[in-house]
Amino acid sequence: MKQPEVLVISSGHPEEPLVKQAADVIAKGGLVIIPTETVYGIAANMLNTEALERLYAIKNRPHDKPFSLHISSKEEVEEFAKDIPVAAYKLIDAFWPGPLTVILRAKDKGTIGIRMPDHEVALRIIAMAGVPVVCPSANISGEPAPVDCQAALDAIGGMVDLAVDSGKARVARESSIVDLTEPEPAIVREGAISRKELERVANTKLVLFVCTGNSCRSVMAQGILAKKLKEAGKKDIEVSSAGVMFASGFGATEETRRILSQEGIDVSAHRSRKVTPEMLKKSDLILVMERLHEERLLQMVPEVKKRVFLLREFAKINSRSNNMDIDDPIGRPLEFYQETYETIKEAVERVAEIL
């Protein structure tokens with residue numbers, strides 16, 4: 001069989017005309033050998049029936065074993081999957097772009113495998129194609145997956161329309177696969193990412209404290225809980241904090257630093273962060289200081305409703321006025337900061353017992 005044209009594209013500086021040439025072939029229903037960080041794959045338009053039939057024939061693969069989708073940004077996962085669990089967002093945040101394929105419930109029916117490769121050429125080709133791209137390894141099923149373009153050409157070169165050569169695959173091992181369609185994540189294939197590391201990330205509980213500017217109340221709560229967990233030897237819980245307003249990058253207030261320092265908690269390195277949808281989606285428990293914060297978060301990501309609580313409410317601390325908010329001490333005297341700290345400390349200590 002006649003070998004296809006080979007485009008040599010630098011992974012450091014991908015030439016746009018060459019990227020576009022490869023992307024156009026895929027978009028129009030052609031098959032293109034492309035590089036990823038794991039192995040070389042055969043990219044095809046998922047919406048083109050003829051392209052998929054050719055792909056199944058090349059791979060000698062049964063039709064009841066679908067191909068995984070490759071995407072160019074993390075946000076695209078929600079275009080193709082539904083009911084995405086917290087564990088999936090944790091794994092995506094930790095390992096994408098990278099050698100991880102997650103199996104999720106598909107938007108239409110059944111399940112779908114999705115991966116975001118950590119290879120600039122692959123990402124640009126996929127993005128420029130403008131169609132959903134599947135990309136199984138460029139070999140016949142059961143044969144070794146190729147880690148360079150020549151090996152891919154030797155295996156199936158005469159059966160594709162174009163090939164892209166960007167040198168040897170950096171990882172040179174197939175992606176790990178995790179099935180997240182059931183309550184407990186299941187590792188289908190231990191590939192470039194170890195089982196131990198996948199289980200650590202998926203099983204670590206993430207607690208997020210949220211206030212207004214992430215410079216006092218949520219910083220106090222984070223510092224107190226982190227200290228309590230360390231004292232208890234709990235290493236499977238991570239604590240973070242963020243704010244609903246203002247820019248990121250500011251330190252904790254002087255009053256907050258002083259009060260926490262007296263408790264043996266050093267927050268001198270703290271820098272404020274503005275809360276993002278990604279933070280919320282991967283958090284198991286989100287504790288806010290005021291009802292207003294809860295409302296803001298639910299406007300941002302409604303699906304986290306069952307994981308967002310007022311701190312005092314979650315800790316089951318009674319209030320004579322039925323007001324469970326913890327007021328902002330910004331602009332108040334040091335005595336008010338101290339009272340705020342004591343209120344937060346009482347609630348967080350109860351949270352630590354629950355966790």
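Contact, as the word is used here, means that heavy atoms lie within 4.5 Å. In this predicted model, Thr204 touches Lys90, Asp236, Ile237, Glu238 and Asp284, when residues up to four places away in sequence are not counted.

**Thr204 and its setting**

- Thr204 is found in the loop that runs between α7 (195-203) and β12 (205-211).
- Because buried means under 20% relative accessible area, Thr204 counts as buried at its 6% relative accessibility.
- The side chain of Thr204 also reaches back to the backbone oxygen of Arg200, at 2.5 Å.

**Helix α7**

- Leu198, Val201 and Ala202 are the buried residues named in α7, and, seen down the axis of the helix, the buried residues fall within an arc of 95°, so they line one face of α7.
- Lys196 and Asn203, by contrast, are exposed on the other side of α7.
- The partners against which the buried residues of α7 pack are the helix α4 (86-95) and the strands β6 (100-106), β10 (176-179) and β11 (186-189).

**Helix α2**

- Helix α2 covers residues 49-59, and its buried residues are Ala51, Leu52, Leu55, Tyr56, Ile58 and Lys59; viewed down the axis of α2, these fall within an arc of 165°, so they line one face of the helix.
- The face of α2 that is turned away from this buried side carries the exposed residues Thr49, Glu50 and Ala57.
- On the buried side, the residues of α2 pack against β3 (41-45), β8 (133-134) and α6 (149-156).
- At the N-terminal end, α2 is capped by Asn48, which has a side-chain oxygen 3.1 Å from the backbone nitrogen of Glu50.
- After α2 comes Asn60, a residue whose phi is positive, near 55°.

**The packing of α8 and α13**

- Two packed helices are described by the angle between their axes together with the distance between those axes.
- For helix α8 (residues 217-232) and helix α13 (residues 334-354), the angle is about 40° and the axes are 9 Å apart, which makes α8 oblique to α13.
- The crossing that α8 and α13 form is right-handed.
- On the α8 side, the residues that meet α13 are Arg217, Met220, Ala221, Ile224, Leu225 and Lys228, while on the α13 side the residues are Tyr337, Thr340, Tyr341, Ile344, Lys345, Val348, Glu349 and Ala352.

Definitions and conventions. Residues numbered from 1 in each chain as written. Predicted model: local features only at pLDDT ≥ 70, side-chain atom pairs only at ≥ 80, totals over all residues. Heavy atoms only, no water. Buried < 20%, exposed > 50% of the residue type's maximum accessible area, 1.4 Å probe, protein only. Helix = DSSP H or I, 4+ residues; strand = E, 2+ residues; numbered from the N terminus. Arc of directions from axis to C-beta. Polar contact = N/O pair within 3.5 Å; in protein donor to acceptor, adjacent residues only side chain to side chain. Axes fitted to C-alpha atoms, helices over the stretch in contact; angles between N-to-C directions. Parallel < 35°, antiparallel > 145°, perpendicular 65-115°, else oblique. Left-handed = near helix turned anticlockwise from the far one by under 90°.
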